[in-house]
Amino acid sequence: MRIDILTLFPNIISAYINESIIKRAINKKLIEINIINIRDYTLLKNGQVDDTPYGGGAGMVLMCEPVVRAIEAVRDKNSLVYLLTPQGASFNEEMAQEIVLKTKHLILVCGHYEGFDERILNFVNGEISIGDYVLTGGELPGLVVMDAISRFIPGVIREESFKDDSFKDNMLDYPKYTKPREFRGLKVPDILLSGDHAKIKEYREQEKLRVTKEKRPDLLK
Ligand code: ADE
């Protein structure tokens with residue numbers, strides 16, 4: 001099994017994988033882990049990978065270009081690509097096992113700051129959340145997913161299982177967008193460029209409901 005972890009903080013990942021059971025699994029060639037720095041794939045001179053959100057709001061949003069280019073540098077037709085986000089499908093043992101059965105090449109994309117430009121979803125197989133809480137970045141979740149998956153690889157560890165679930169405000173976040181306005185034909189919704197903050201707020205509330213219904217309908221029950 002090969003796992004490529006895309007991140008802006010490679011040291012977080014290397015610190016973990018160079019210890020203990022994972023290190024042993026790597027040495028035994030049961031698992032191959034590659035760390036890819038998303039910053040290496042920006043086309044902007046100053047190494048910029050994020051920008052302010054269209055429509056306003058707090059924090060910075062990871063841009064399409066560096067993230068999609070980093071994914072495209074490592075993926076092939078058999079790869080499975082997942083973003084680590086709080087909006088993703090809840091990760092559990094069943095999912096870990098399923099991933100091991102489905103692919104020999106997993107790509108985990110760790111976000112940071114306020115999240116990914118929503119259009120990046122068009123370039124991945126899905127989103128994974130490790131639980132209903134918001135962490136400062138996707139590195140820990142990426143490591144959690146990698147670690148849980150590696151336990152299903154024969155020879156890494158003895159078989160074992162557990163489950164985990166729960167959520168805070170019963171609602172997922174609205175989609176975010178940053179520059180450029182159009183990326184490979186995918187446009188930022190017009191309303192976010194309107195400057196009408198009342199409308200944007202209303203639109204985002206609707207989007208929260210739409211996204212929650214679409215991605216996690218169980219939260220609305
Ligand atoms: N990024 C921030 N919080 C996260 C979570 N709970 N799961 C996956 N990625 C995240």
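A polar contact here is a pair of N or O atoms within 3.5 Å. Keep that cut-off handy for these exercises on a predicted model.

**Exercise 1.** Which polar backbone atom is 2.8 Å from a nitrogen atom of the ligand?

*Solution.* Start with Tyr133: one of its polar backbone atoms sits 2.8 Å from a ligand nitrogen. Next comes Ile130, where the distance from a polar backbone atom to a nitrogen of the ligand is 3.0 Å. Then look at Gly131, with a backbone N or O atom 3.1 Å from a ligand nitrogen. Now for the cover: on its own the ligand exposes 270 Å², and the protein buries 96% of that.

**Exercise 2.** Work out where the ligand sits and which elements give two or more residues to the shell around it.

*Solution.* First, the place: the ligand takes up the space of the largest pocket. Second, the elements: strand E5 (80–90) and strand E7 (126–129) each give two or more residues to the shell. E5 gives the most, with three residues. Third, the names: the residues around the ligand include Leu84, Thr85, Pro86, Ile128 and Ser129. Finally, sort the shell by class, and you get eight nonpolar, four polar and no charged residues.

**Exercise 3.** How many helices and strands does the protein chain have, and how compact is the chain?

*Solution.* Count the elements and you find six helices and nine strands. The chain's radius of gyration is 18 Å, close to the 17 Å from the globule rule for 221 residues, so the chain is as compact as a globular protein of that length. As for its extents, the C-alpha trace spans about 55 × 45 × 30 Å along its principal axes.

Technical notes. Residues are numbered from 1 along each chain as its sequence is written. This is a predicted model: local features need pLDDT of at least 70, side-chain atom pairs count only at pLDDT 80 or more; totals for chains, interfaces and linings use all residues. Side-chain values use heavy atoms; hydrogens and water are left out. A residue is near a molecule or strand if one of its heavy atoms lies within 4 Å of it. A polar contact is a pair of N or O atoms within 3.5 Å; within protein, one must be able to donate a hydrogen and the other to accept it, and residues adjacent in sequence count only if both atoms are side-chain atoms. Accessible areas come from the Shrake-Rupley method with a 1.4 Å probe; for residues, only the protein chains shown count as cover. On a 1 Å grid over the protein atoms alone, a cavity is a set of points where a 1.4 Å probe fits but cannot get out, and a pocket is an open set with protein on both sides within 12 Å along at least five of seven lines; lining residues have an atom within 4 Å of a point. A molecule sits in a cavity or pocket if more than half of its atoms lie within 2 Å of its grid points. Helices (H or I, at least four residues) and strands (E, at least two) are DSSP runs, numbered from the N terminus. Ala, Val, Leu, Ile, Met, Phe, Trp, Tyr, Cys and Pro count as nonpolar, Asp, Glu, Lys and Arg as charged, and the others, Gly among them, as polar. The radius of gyration is taken over C-alpha atoms; the globule rule is 2.2 Å times the number of residues to the power 0.38.
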